[in-house]
Amino acid sequence: MRIAVTGSSGKLGKVAVAGLRAAGHRVTGFDIVSSVYGDDTVRLDCADFGAVMGALSGVDTAARRFDAVLHLAGIPKPGATTDEAAFRINVMGTYNVFSAAARLGISRVVWASSETILGLPFTEPPMFAPIDETHPLLPNWSYALGKRVGETMADEFARWHAGLAIVSLRFSNVYVAEDYAALPQIQTDPASRKWNLWSYIDAEDAAQACRCALEASTTGHEAMIIAAADNLMGRPSRDLMVEYFPGVPLAESLSGEASLLSSVRAGELIGYVPRVSWRQRV
């Protein structure tokens with residue numbers, strides 16, 4: 001496929017582009033910061049609708065028509081900028097990509113939603129664990145609210161345009177190689193990571209999920225959690241929940257160090273299978 005990747009110079013973007021190219025796809029990267037891939041990366045501010053239309057139409061690239069868009073551009077986490085800026089930039093960028101794709105006849109968009117819409121930082125305990133897609137969406141930050149708005153927009157764009165499929169990937173905390181250096185210290189203080197139920201996703205697995213979603217045959221709008229298979233703490237997940245979230249109903253099937261964010265639905269819908277554990281990185 002010819003795939004446009006926004007945010008291609010970012011933490012996940014770089015890994016996702018490499019994975020797509022290794023799988024044989026033709027990728028053009030777009031990013032607001034300097035190119036890391038040379039002549040096939042184009043500068044783009046996704047908050048500018050005209051610029052997004054031009055980019056995805058292929059006017060400024062060698063591609064004449066894209067088959068799909070992987071939208072990873074935007075403010076990457078809560079606290080990276082002001083609440084207002086995070087909401088405005090992320091919501092407008094996502095709207096512009098959805099709208100441009102629909103107008104240009106691009107049939108598939110995969111984009112980075114977030115675990116934060118599930119209730120992080122869980123100052124109120126989750127309603128059950130492991131959390132899956134049946135858990136209520138409870139955005140507690142402006143960043144998370146922007147992601148919730150993005151998923152609502154995905155519902156409506158997919159309804160308005162029968163030929164447009166959108167996949168929202170609710171990524172857990174993405175880890176690249178250097179992030180694991182802090183893990184030994186984190187593991188001495190489990191309370192410091194209860195805000196996302198000790199979950200994470202290695203960038204290689206996150207990139208795999210992007211590829212799987214782009215290659216899948218889903219229709220309409222589908223949202224799914226993307227997390228590693230295990231927790232970050234090296235302790236039984238049931239014990240962590242009993243200690244830090246007593247009284248939360250736990251699935252009978254919960255065993256060992258299994259992640260408390262379930263990626264089962266992603267496996268069923270797009271064939272995502274988490275393969276990388278922190279134990280391979282530390």
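The dialogue below goes through pockets, helix packing and backbone features in a predicted model.

Me: What should I know about the numbering and the model before I start?
Reply: Residues are numbered from 1 along each chain as its sequence is written, and side-chain values use heavy atoms, with hydrogens and water left out. The model is predicted: local features need pLDDT of at least 70 and side-chain atom pairs count only at pLDDT 80 or more, while totals for chains, interfaces and linings use all residues.

Me: How do I read a pocket, and what volume does the largest pocket have?
Reply: On a 1 Å grid over the protein atoms alone, a pocket is an open set of points where a 1.4 Å probe fits, with protein on both sides within 12 Å along at least five of seven lines. Its volume is the space filled by probe spheres set on the points, which are joined across faces, edges and corners. Here the largest pocket has a volume of about 1000 Å³.

Me: Which residues lie nearest the centre of the largest pocket?
Reply: Lining residues have an atom within 4 Å of a point. The largest pocket has 44 of them, and G74, I75, P76, K77 and Y143 lie nearest its centre. Two or more lining residues come from each of α1 (11–22), β2 (26–31), α3 (83–104), β5 (108–114), α4 (142–160) and β7 (174–175). These labels are DSSP runs numbered from the N terminus: helices are H or I with at least four residues, strands are E with at least two.

Me: How is the lining of the largest pocket divided by class?
Reply: Ala, Val, Leu, Ile, Met, Phe, Trp, Tyr, Cys and Pro count as nonpolar, Asp, Glu, Lys and Arg as charged, and the others, Gly among them, as polar. In the largest pocket the lining has 23 nonpolar, 14 polar and 7 charged residues.

Me: What lines the second largest pocket?
Reply: The second largest pocket has a volume of about 180 Å³. Its lining includes P130, D132 and A227, and by class there are 8 nonpolar, 3 polar and 1 charged.

Me: How do I read the packing of two helices, and at what angle do α3 and α4 pack?
Reply: Axes are lines fitted to C-alpha atoms, for helices over the stretch in contact, and angles run from 0 to 180 degrees between N-to-C directions. Under 35 degrees counts as roughly parallel, over 145 as roughly antiparallel, 65 to 115 as roughly perpendicular and the rest as oblique. α3 and α4 pack at an angle of about 15°, with their axes 8 Å apart. The two helices are therefore roughly parallel. Their contact (heavy atoms within 4.5 Å) includes D83 and F87 of α3 and S142 and Y143 of α4.

Me: At what angle do α1 and α6 pack, and which hand is the crossing?
Reply: A crossing is left-handed if the near helix is turned anticlockwise from the far one by less than a right angle, and right-handed if clockwise. α1 and α6 (residues 203–215) pack at an angle of about 55°, with axes 8 Å apart, so α1 is oblique to α6. The crossing is right-handed. L12 and V15 are among the α1 residues that meet α6, where A203 and E204 are among the partners.

Me: At what angle do α2 and α3 pack?
Reply: For α2 (residues 49–57) and α3 the angle is about 45° and the axes are 9 Å apart, so α2 is oblique to α3. This crossing is right-handed.

Me: Where are the cis peptide bonds?
Reply: Most residues other than glycine have a negative phi, and most peptide bonds are trans. In this model a cis bond joins L120 and P121, with omega about 5°, and another joins A129 and P130, with omega about -5°. P121 is in the loop between β5 and α4, and P130 is placed in the loop between β5 and α4.

Me: What is the phi of F122?
Reply: Phi of F122 is near 55°, a positive value in a residue other than glycine. F122 is found in the loop between β5 and α4.
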